[in-house]
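Please look through the model shown here with its side chains displayed.

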Amino acid sequence: MIQNWQRDEGPCITLGSEGAFDDMHLFAPCVAYEDGMYSMWYSGSRHNVSDRVDNRVFTLGLATSTDGIRFTKDPRSPVCRFTGTRSILTPTLLRHPNGSVCREQGRLRLWFSSCNFPSGDRLHTLHETVSDDGIEWDAPSAPQLEHAYAPTLIKEADHYKLWYTDVQALPWSIRYAQSADGCDWQVAADPVLTLDQSWEHDRLLYPTVVAIGGQYWMWYGSYSQHGSEEMKTAIGCAYSEDGLRWQKDPDNPVFAPDPSRTWESHYTTSQSILRLDDGSLRIWYASRPAPPFVHKYYAIGTARWPA
């Protein structure tokens, strides 16, 4: 299926000013639409003296918008963090199958991956936090899963469905888990998505799942060019009737970097996707300019597909 994504001019947000919590990197937008307002939570980190990713600590930022295109950062950011040097990475909200926010008892539930880069321990764990207003968040939970990165969750009937990137070993794949409460997870024995298309290299990551027309649609990222300093990424799409057996789009990748836009010439992944009231789809994605990659993640852009 040809996905005709139409980019909007310029990025939604860019790196913060010197000294801000997101002055070096920002990525992984998680966007919700409620009461006429778009809210974007994202991972950001500050510059550090060594300028090594292994020393960075990511915290949770917030930006808001009335049109989903031009966002204003909330001055109270970061709105959630760990005590110490653990990072908050790749946030995702609990959603209904159609992608809209699913509040429980009036509260937002947000899951994220975490890693303690400065410690040298690269184990990624899945955690949860909750909030009434998206600004004040409870202390993060204890780990719910290990080797879990970039989660996406929906609540369907009386159970919770989770897809995530398994980062235990290369090549990274995408796994599925199910839960009765969103805390204790039963992980399917085998990955549900693995490398098997010619454009995919090294790993699959950043799944985003939305139910459309009676099917599950998953957008996911991979390296479309790897093994050189170029290191380009792109986004593919797959379709499923049950969330376990997936058919990849033969026209993948469906969304790739635009070399004419310097701020996103090499990287378009860690995406969030919503179905809008008019039936169109909107994507928000992290970007990266050409090497040298001083900023591992540089800005967040957006595009719309009339669908």
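A residue is called buried when its relative accessible area is under 20%, and exposed when that area is over 50%. With that cut-off in hand, and bearing in mind that this is a predicted model, one can begin with two tryptophans, Trp163 and Trp246, both of which are buried.

A search of the whole structure finds 20 aromatic pairs. In one of them, the ring centres of Trp5 and Trp305 are 5.7 Å apart and the planes meet at 50°, so the pair is classed as tilted. This pair links distant parts of the chain, since Trp5 belongs to the segment before strand 1 (6-7) while Trp305 sits in strand 21 (residues 299-305), 300 residues apart. Both Trp5 and Trp305 are buried. The rings of Trp163 and Trp246, by contrast in geometry, have centres 6.4 Å apart and planes at 85°, and the pair is therefore edge-to-face. Because Trp163 lies in strand 12 and Trp246 in strand 18 (residues 246-248), this pair ties together parts that are 83 residues apart in sequence. Ring pairs also join Trp5, Trp217, Trp219, Tyr239, Phe255, Tyr285 and Trp305 into a cluster.

The largest pocket has a volume of about 420 Å³. It is lined by 22 residues, of which Tyr149, Trp172, Arg203, Lys296 and Tyr297 are the closest to its centre. The elements that give two or more residues to this lining are strand 9 (121-131), strand 15 (201-212), strand 16 (215-225) and strand 19 (267-275), and strand 15 gives the most, with three residues. By residue type, the lining of the largest pocket divides into 14 nonpolar, four polar and four charged residues.

Which residues does Thr165 touch, leaving aside its neighbours within four places in sequence? Thr165 is found in strand 12 (residues 159-166), and it counts as buried because its relative accessible area is 0%. Its contacts beyond those neighbours are His147, Ala148, Tyr149, Ala150, Trp172, Ser173, Leu204, Leu205, Tyr206 and Pro207. Among these residues, Tyr206 has its backbone nitrogen 3.3 Å from a polar atom of the Thr165 side chain. Two residues in contact with Thr165, Tyr149 and Trp172, are also listed among those closest to the centre of the largest pocket.

Not counting residues up to four places away in sequence, Thr268 touches Arg7, Thr233, Ala234, Ile235, Phe255, Ala256, Pro257, Tyr285 and Ala286. Among these contacts, Phe255 and Tyr285 belong to the ring cluster described above.

Gln178, in strand 13 (residues 173-179), has a relative accessibility of 31% and so counts as partly exposed. The side chain of Gln178 makes a polar contact with the side chain of Tyr176 at 2.5 Å. Beyond the residues up to four places away in sequence, Gln178 touches His159, Tyr160, Lys161, Asp184, Trp185 and Gln186. Gln178 and Ala188, ten residues apart in sequence, are 8.1 Å apart in space from C-alpha to C-alpha.

Notes
Residues are numbered from 1 along each chain as its sequence is written. This is a predicted model: local features need pLDDT of at least 70, side-chain atom pairs count only at pLDDT 80 or more; totals for chains, interfaces and linings use all residues. Side-chain values use heavy atoms; hydrogens and water are left out. Helices (H or I, at least four residues) and strands (E, at least two) are DSSP runs, numbered from the N terminus. Buried means under 20% relative accessible area, exposed over 50%, partly exposed in between (1.4 Å probe, protein chains only). A polar contact is a pair of N or O atoms within 3.5 Å; within protein, one must be able to donate a hydrogen and the other to accept it, and residues adjacent in sequence count only if both atoms are side-chain atoms. Contact means heavy atoms within 4.5 Å. On a 1 Å grid over the protein atoms alone, a cavity is a set of points where a 1.4 Å probe fits but cannot get out, and a pocket is an open set with protein on both sides within 12 Å along at least five of seven lines; lining residues have an atom within 4 Å of a point. Grid points are joined across faces, edges and corners, and a volume is the space filled by probe spheres set on the points. Ala, Val, Leu, Ile, Met, Phe, Trp, Tyr, Cys and Pro count as nonpolar, Asp, Glu, Lys and Arg as charged, and the others, Gly among them, as polar. Rings of Phe, Tyr and Trp (its six-membered ring) pair if their centres lie within 6.5 Å; planes under 30 degrees apart count as stacked, over 60 as edge-to-face and the rest as tilted.
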